[in-house]
Every structure is written in structure tokens, then in C-alpha cells.
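Notebook open, viewer loaded. I'm jotting down what I look up as I go.

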Amino acid sequence: MANLLIFVVRGLWKSIDDNRPVVIRRVIQGFTRLPLMLSLCVSMPLMAAEDDMLKDGVLETPAVSVINAADAINESNQETIDPQQLFKQKLDELTPLRGTDMDYVATQTELLLPIFKSMPLALQYRFVFLKGHSFALKGESDKATAFIKAEMASPPPEMLKAEYVKILALLAAIYADLDDVTQTLQILNQIVPFLGSVDDIDNEAYVYMMMVDMLSRMTRFDAALQYTDALYATLDKVTNAMRRCYISGIHANSLMNALKEDPAQRRRLMDLLIDAKKECDTAGEMEMVSSQLRSMSELYLLKDQEERAQATLDKAYRLSLDNDSTLELGFIYAALAEMAIRAEQFTLAEKHYLQALESAKNLDINRLLVDTTLGLSELYEKTQQLDKALMYRKQYGEYNAIKMQDIQGELTTFESAKLQLLEKDRQVQSLDRQQALFFAAKQINERKQTQMRLGMTLLVGGLFFLLLWTIISVMQKRRYKALAQNDPLTGIYNRSAGEELGMALYQQSRQEQRQFSLISFDIDDFKNINDCFGHATGDWVLKKIVAVIAPFIPDDAIFARMGGEEFMILLPNVNEEAAWALAEDYAATLSAINTQYSGHDFVVSVSFGVTQAILPDVKLDSLLKRASDVIAFTQHKGSDFIGKRHRDFSYGSVSI
């Protein structure tokens, strides 16, 4: 993880223009605002595409010096100069000054703030980036995040996705600068889906670098691997030697964090480190080479090749001295101290640990402070210097408490041990007991939490499967009900469902003394159609008839296939005349069917029977019988009765 941090700092130093060395040096020395300043390296090409977007509506006039941006742009409305062009020129003027003249940029962007909403969206995006960055560099991070989130609330148009991603990357950098890992990862996860559609390899690599950095800081090395691989995939598209050095180095060191304890992976890790070293040699990045050598030394040590580890680490040390790399030297001093302890050279180990501690304090690197104070504490315990051991163990607890809230127990342990310094043996035993109790309590707490999580998982899982089973049961019941009620060919009610629902509807109409009519119709010579053209054509006719009539069936009516080619329509609240009118409409609709779409040319003839319920009709069967008799009468008489109205007053039925 320390190596990954080195790469971020080196990338920061080399990626920003040379006209800002004072700003960068201040950042490196204080080790603050790293992600924020690093965002400069991907923001420099942000403005490249706006000319193409605006050229159709913007005057190509020479750049003018704008003293008060808002006044000049407002005055341009009465002149011939395009205000959009003046706004763009002002952005061009302020963009390179972000890191060197922050006060001037802040003042000028405040003047532009009231009018930027009237500009084209491309210029608005440029201004949001500039203003948000200005807020952040002046230490007004809350204003920066609020401004950017308010202006970027809506999704971007297709042509501005790249600019949208850059602005969100700036927002992520600001949250990273505030050590708000949760917000940083949320913004980065919001960016990642856009990367596939944005052709910007620099910004893509930068976002993946931040993802790897955030996850590594949380010691989520396995989760960081997927973004490490995505970052490494950009290497083939990058030609700049320095950027290739950073990408290959981050990839190698991220895998090192995750896989170094696996002996089977160490050969692969060594090859990746060697490749990264070659890339950095080519780029002339000797400080980066030093970091790679230190990682290689660690691998040699894991393989018990102490002589090669020492020689490689010595080479890294000399390179860091030659390049005056204070940050890298701090980690090298700590590694040299560990090597000296293995050789039982305790005086030399003490010297190197103290050098590492000084570097860690100067740069305020918490990870190095934790490692060096812990190393010094263990070293002084080995050499029986218990006063110093306790002093550095306390410092270790204080530094480690920044990331681990539950480590306070160790501080109590050391305070208690201080009171027992008169007797060395008892003090050491007390330390051991307190440490054992601390780790035992921690294990018990972890087990309780694991059991709670397991219980919650089982409960939630059980509820989920119960809900899933209920949903499946309901869906199956609906499916079985539909299969039982519907005719599989036409999709309307089948005979049993039609009679059951129809009887209930008829009884309700009788109880409420409402009118009730029935239309029944039959396809003439349907057997002849099947015999001549095949059953597939007959099925086509049945489905076609239902398809053309169904849209005209009243909502409260029941439409059912009674079997074969016979159909029934039950009409509540409809008298015989209205039912007759509907039947005539249906007949006209059916007569327009073009049978050529079935693959054959023939005529579809349909006989209708219409009847209205009368007082003696106790059941629905009597209505069906009358309508069927009319249809049979019509079909018996032949085609002369098709389209003609016939009443049989004894039955109260009508046919066409």
C-alpha cells in the first residue's frame, strides 16, 4: 500500500505543468490535497472539444483582455462582440491560473457566477469545473462539493459525457482530499459506467487510479484488484513513457498487496515488478524505480533470499538518496531496519527506524508512523529497554487509533505496565496478559458480530424465500386458473367458464330485473374449410374471427367459445334491439375478412342468433337453446337468409 501511495505522489509531481513547482512542493511536503491536485493532470485537456461544439454560433474574434468579466459580457449585448465568445475567452484566461493565482481565479469566477447559466451547456460545464476547483484549492471544500453536486444533478447529453466525467472526477478528488472514503467511492462508482462510452484514456486511467487508492486505503485489496486490472488494460493505449510507468507500477504494487502471502504468486509478482521497473527506467523515473526495487526486496525476503533482498534494498536506498526522495527514503529506512533486526544488528536497526520515524513525522504519513513506532517498540523489547519500548508502544497505539477505534485497550495496557517498571519480569508478564486479554476480547466480539450477521442473513434469506415461494404460488394459481378458464386457441373463455360465469351474470340480472340478451353465432361449413384447406387454416379462421370481434365486445359482456366453430356473447343491460344492432355490426366486420392471408382464397360465412331473456327463462340454457335453433334454421334455409332479419315470435329470437 505504501508503494501505491508513492506512485500517486510521483504522478502528481510529474503530471502538473512545470510552471507550478512551488504549489506542488508545498503539497508534497505537507502531504495534503494529493487527490485534488492530482486532478489537475487530467483536467488540462478538458477544454479541447468546445471549439467544435460552439463554432457554429460563436464569433472567431481575437482574444481580448477582460477586466470585469460580467460587465464586459453584459456590455457586449449592445455591441457586436458575442457574449459567449467573451465568456469562453475568460475561461481560457483563468484555466491555466488555477494553481498559481487562486485568489484572482476565485474573484473572477464570482463575477461570472450570475451569468454562467445563460451560456451554452458546454461552457457551463467548463465553468462548473473551474469554479468547483477554485473553491477546493482555497480550502472551501463544502462549497465546492455543494456547487458541483447541485449543477451536476441531471445526466449529461451524449456529446458532453467526457466533460461530465471530468467534473465528477474532480468531485471524487475533493472527497478523497477530505478523507471521506464513502463519498469518494460513491462518486467513483457513479463515474465508472460512463468510462466505456468516453474516449478519454487519461481520465479513465485517473479514475481507476483513485479507485485502487481508496480501496487500498481501506485494505480492501481483493476489491481493488478488479480496478487494478481495468487500469492495466489501458496500458496498451498509452504511449507516454511516464504514464506507462505509473500504470504498470500501480498494477504491480496493488497485486503485491493482495497476493504476496501466496507463494504460488510470487514468481508472477516478481515479473510484474521487473516489467514496471523497465517502464520507469525508460521514462527516466528513478524515484519510481527505487520504489519497485524496494518491493522486489520484500519479495526476496519472503522467499528467504536475504542476500539478494539486502542488495536490492541497498540499490533502492542509493537511488532515493541521489534523487532526494524524502517520502521513499522513509519507507526504505523502515525496510533497512527490518533487515538489520533479522541480522541481529540492533544498533543499526534503531538508527534506521529513527530515520524512518523522522521522515514519517515530517510528511505526516500515518502508515509509516504506525510501522516505525511498532518496530521501535518491538526492538526495544528485544534489547530490554522497556522504558523506550513502552513509550513507542504508546505512540503506536495513538497513531493506530486513527484507523482502529478499538485499539484503545492497548494504551491502557501500556499505562498499567508503566506502574510496574520496578520489576521487569512482572511488567513483561503483565504486558503479555493484557495483550492476550485484548485479543481474546476482540475475538469474542468478532464472533458475536459474525453470529449476529449470520442470524440476520438467515432471517432475511428465509423471508426472501418465503416471499418468493408466495409469489410463485400466486402466479401458478393464476396460470392454472387461466388455463382452466380460457380456450387455448383463441384466448377467450371456454365453454365451461363461459357457462359458469354467464349463469352467475344472468342470475344477477334477473335479481336486479335488468335486461339480458345473448348473441350466438356459428361458422358455416367449417368442416368443409378444414377438409379442403387443412386444420391449420381452420385454426386461422377461428383466431381471426375472435381477433376482429373482440375489440367491439362491451366491457361487461362475456365472450366464450362453446366448442368447435360455435361462439356465445352474453350481454347484460342490453335489450334485443341493441343486441341485434351489435350482431349486424359483427356480421359486417366478419364479412370484410381477407382470407388470402391464410394462404388460401375462400369465403367465411357466419350465422347469427339473437335472443333476449324473458320471464320463463330460469336458466341460461333456455336462451342458448333458442339462439341455437335460430342458427340451425338459418343454416337450413341456406344462403338466401344470410344478411336477412328473421323473427320467430314464439321463441323471441332473431337470426341473420
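First, a rule I need: I call it a salt bridge when a side-chain nitrogen of Lys or Arg is within 4 Å of a carboxyl oxygen of Asp or Glu. Also a caution for myself: this is a predicted model, where local features need pLDDT of at least 70 and side-chain atom pairs count only at pLDDT 80 or more, while totals for chains, interfaces and linings use all residues. Residues are numbered from 1 along each chain as its sequence is written, and side-chain values use heavy atoms, with hydrogens and water left out.

**Salt bridges**

I searched the whole structure and got 23 salt bridges. I looked up D271 and R267, whose side chains meet in one of them, at 2.9 Å from N to O. Both sit in helix α16, four residues apart, which is about one turn of the helix. (Helices are DSSP runs of H or I, at least four residues, and strands are runs of E, at least two, numbered from the N terminus.)

D271 is partly exposed at 34%, and R267 is partly exposed at 49%.

Two other pairs went into my notes. E140 and K143 form a salt bridge at 3.7 Å, N to O; E140 is partly exposed at 28%, and K143 is partly exposed at 47%. R514 and E512 meet at 2.5 Å, N to O, with R514 partly exposed at 27% and E512 partly exposed at 44%. I also found K88, D92 and R126 linked in a network of salt bridges.

**The disulfide**

How many disulfides are there? Counting pairs of cysteine sulfur atoms within 2.5 Å, I get one. The pair is C245 and C280, with their sulfur atoms 2.0 Å apart. The link ties together distant parts of the chain: C245 is in helix α15 (residues 241-259) and C280 in helix α16 (residues 266-283), 35 residues apart. The angle about the S-S bond is 90 degrees, and the link is right-handed. I checked the accessibility too: C245 is buried at 0%, and C280 is buried at 0% as well.

**Helix α12**

I looked at α12, residues 181-195. This helix has 15 residues and reaches 21 Å from its first C-alpha to its last, close to the 21 Å expected (1.5 Å times one less than the number of residues). Its buried residues are V181, T184, L185, I187, L188, I191, F194 and L195. Seen down the axis, they fall within an arc of 165 degrees, so they line one face of α12; the arc is taken from the directions from the helix axis to the C-beta atoms. The face turned away from the buried side carries the exposed T182 and P193.

**Positive phi**

Most residues other than glycine have a negative phi. I still found D525 with phi near 50 degrees, in the loop between β1 (516-523) and α26 (526-533). D525 is exposed at 59%. N573 has phi near 60 degrees and lies in the loop between β3 (566-572) and α28 (576-591). N573 is partly exposed at 45%.

Notes:
Buried < 20%, exposed > 50% of the residue type's maximum accessible area, 1.4 Å probe, protein only.
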